Amino acid sequence: MKKTDANDAIGIAIASTQLGMTCWQVKALSQQNIQAIQISRKWFDRTITSLGNHIRALCFEYGAIITLGKKSLGQAITHFISPESTDLLEQIKPLLMILWQQYQTTEEHYKAITLQLQQWVTQSEPCKRLMKLEGVSHIGAAGLLAYLGDGQGVKNGRDAAVFVGVTLKQHGSGGKVVMIGIDKHCGDKYLRSILYQVALSVISRLPVEVKTYKQPWLINLVRRVGIKRACVALINKTVRTAWALLNYRTEYTNQII
């Protein structure tokens, strides 16, 4: 059977009638709003990177090399488009000026959307509770709220971690079950990447003298399985805790030793 929209609709209809089928809760309007802001912010971020690479490649074709970094890019373009510069042909300078103006405009829009997201999160009561989690800031809190909502869409924290895609895959054959790494193609890849950076920052700043009950667990976990696996484990715990905070409307308290 070929994959078409009609066949997809038939498959969804058949799957929805099966017993024990787990369905995700329909997003509320507030979740959809915050998700729209996040997706647009991500698009602007990628556009800035793509446009910057395009400008560097264009200049490189004429023998002008621009080092990495936004500051280096701005200084180089300012120099190239100046009337006194002879590094590039005069016919290319108008094109380079248009590309640079587009780059600056896109960057301004990206900053405006980021500010809008921060203001929204600051005024959201659930996000304030989520930001008390280790390392979770405005972007992470917004992603968790947009994906989990009020927590009523799943039964428990483990199901929430499964939907995000931070649980180990299970492979069983002949009565033997093997647990392998997480599936990078399922769940919310953007949220998972944000939470991975959060976990990495928390683990990289672990103190020598522990101050909370979670820190000894993290230190032992890093020694036993390494940094990357410890990051995945911390993401799993963060998602489960976030689900509990949203579902039971409680405050997060990391007990101090």
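Helices here are DSSP runs of H or I with at least four residues, numbered from the N terminus. The model shown is predicted.

**View 1. Helix 10 at the largest pocket.** Helix 10 contributes the most to the lining of the largest pocket, giving 5 residues. Helix 10 spans 227-248. Two other elements also give two or more residues to this lining: strand 2 (176-182) and helix 9 (214-225).

View 2. The largest pocket has a volume of about 350 Å³. Its lining is made up of 14 residues. Nearest the pocket centre lie Leu168, Val225, Arg229, Val232 and Ala233. Sorted by class, the lining holds 9 nonpolar, 2 polar and 3 charged residues.

View 3. How is a pair of aromatic rings described? By the pairing rule, the model has 3 aromatic pairs. In one of them, the ring centres of tryptophan 43 and phenylalanine 44 are 4.9 Å apart and the planes stand at 80°, so the pair is edge-to-face. An angle over 60 degrees is what edge-to-face requires. Phenylalanine 44 is buried, with a relative accessible area of 15%.

**View 4. Tryptophan 243 with tyrosine 248.** Here the ring centres lie 5.7 Å apart, and the planes of tryptophan 243 and tyrosine 248 meet at 80°, so this pair is edge-to-face. Tryptophan 243 is buried, at 5% relative accessible area. Tyrosine 248 has 54% relative accessibility and therefore counts as exposed. The cut-offs are under 20% for buried and over 50% for exposed.

**View 5. Lysine 237 over tryptophan 217.** What sits over the ring of tryptophan 217? The charged end of lysine 237 does. That charged end is 4.6 Å from the ring centre.

View 6. A disulfide is a covalent bond between the sulfur atoms of two cysteines. How many disulfides does the model contain? The count comes to 0. A pair would need its sulfur atoms within 2.5 Å. Cysteine 127 counts as buried, because its relative accessibility is 0%. Cysteine 231 is buried too, with a relative accessible area of 0%.

Notes. Residues are numbered from 1 along each chain as its sequence is written. This is a predicted model: local features need pLDDT of at least 70, side-chain atom pairs count only at pLDDT 80 or more; totals for chains, interfaces and linings use all residues. Side-chain values use heavy atoms; hydrogens and water are left out. Rings of Phe, Tyr and Trp (its six-membered ring) pair if their centres lie within 6.5 Å; planes under 30 degrees apart count as stacked, over 60 as edge-to-face and the rest as tilted. Buried means under 20% relative accessible area, exposed over 50%, partly exposed in between (1.4 Å probe, protein chains only). A charge sits over a ring if NZ of Lys or CZ of Arg is within 6 Å of the ring centre and within 35 degrees of the ring normal. On a 1 Å grid over the protein atoms alone, a cavity is a set of points where a 1.4 Å probe fits but cannot get out, and a pocket is an open set with protein on both sides within 12 Å along at least five of seven lines; lining residues have an atom within 4 Å of a point. Grid points are joined across faces, edges and corners, and a volume is the space filled by probe spheres set on the points. Ala, Val, Leu, Ile, Met, Phe, Trp, Tyr, Cys and Pro count as nonpolar, Asp, Glu, Lys and Arg as charged, and the others, Gly among them, as polar.
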